[in-house]
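Work through the exercises below with the sequence and the model at hand. Each task is followed by a solution in steps.

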Amino acid sequence: MPERLFVCTPSKLGAYADCPRRYRYAYVDRPAPPKGPPWAHNSLGASVHTALKNWYALDAGRRRPEVLGTLLKGAWVREGYRDDEQERDAFRRALTWLESYVTGLDPADEPVGVERVVAVKTVVLAFNGRTDRIDSRPGPDGRPELVIVDYKTGRTGLDTDDARGSQALALYAYAAERVFRKPCRRVELHHLPTGTVAAHEHTPESLRRQLTRAEDTARDIMAAERAVADGADPDTAFPTEPGPRCGWCDYRRTCPTGAQTPGKEPWSAVERLAGPE
């Protein structure tokens, strides 16, 4: 019998790459351990993403900066903030980011996909993921090519290396090329707080390397899951990768290693992002 395909998303692969123990808590243990409180930076990011999705859902003639306040208010997620004052400040900042961002967009441009799921199967993976946006732009020969656009609202300093090294973006590009049957090599990180774009032009070879990395990770995960099913110690099969991420982990209180790391407050990342004007 052929080996079953590993069904995955970028976040599932990323969880294991970051820390096998976190992967186990999220995807293997049932019932799953309780998570910590919601994070304000996740709420902020989700709100901005949804507002942009809804902006593109409008008729082109209504895609104006002045509608963004209503769109953001309707999409706003309130969880995780320290208090009402911090939440109001985050809303104002997010609205400023959005208004600045859309002024650089042509309202008449219709993306190939917004919040579009792309999927592909390989000999190892059954991959699917939801892209923020897929654009169609003229390639070097004038023919249309697809571009993967990913919105970012978190840390600053994103550069070409971040775009080049992102496995998620590469897998989106690989899958989109096969779904739409058009070349898809360019990937972009759009950092809304700074208005910067970090981009990378993949080659078929670089996309294949990222795919191979993902398949290797999937094989490691399946081997660990088989080991646990055969009676191995789950803590041994899914070891911890202690580091700075432990303070931000949803399962820090459950994990013996993570519990030794001081936890971050749910609003810490938003507070840091605000900084001085």
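A polar contact is a pair of N or O atoms within 3.5 Å; within protein, one must be able to donate a hydrogen and the other to accept it, and residues adjacent in sequence count only if both atoms are side-chain atoms. The model is predicted, so local features need pLDDT of at least 70 and side-chain atom pairs pLDDT 80 or more, while totals for chains, interfaces and linings use all residues. Residues are numbered from 1 along each chain as its sequence is written, and side-chain values use heavy atoms, without hydrogens and water.

**Exercise 1.** Find how many residue pairs are in polar contact across the interface of domain 1 and domain 2, and how many salt bridges the rule finds there.

Solution. Start with the bounds, which come from an automatic or database domain assignment: domain 1 is 40-104 and domain 2 is 130-209. Across their interface, 4 residue pairs are in polar contact (both at pLDDT 80 or more). For salt bridges (a side-chain nitrogen of Lys or Arg within 4 Å of a carboxyl oxygen of Asp or Glu), the count is 0.

**Exercise 2.** State the area buried between domain 1 and domain 2, and the share given by carbon and sulfur atoms.

Solution. Buried area is the accessible area (1.4 Å probe) that two parts lose on being put together, summed over both. Here the value is about 830 Å², with 69% from carbon and sulfur atoms. Next, look at the side of domain 1: H49, W97 and Y101 lose the most area to domain 2, together 66% of what that side buries.
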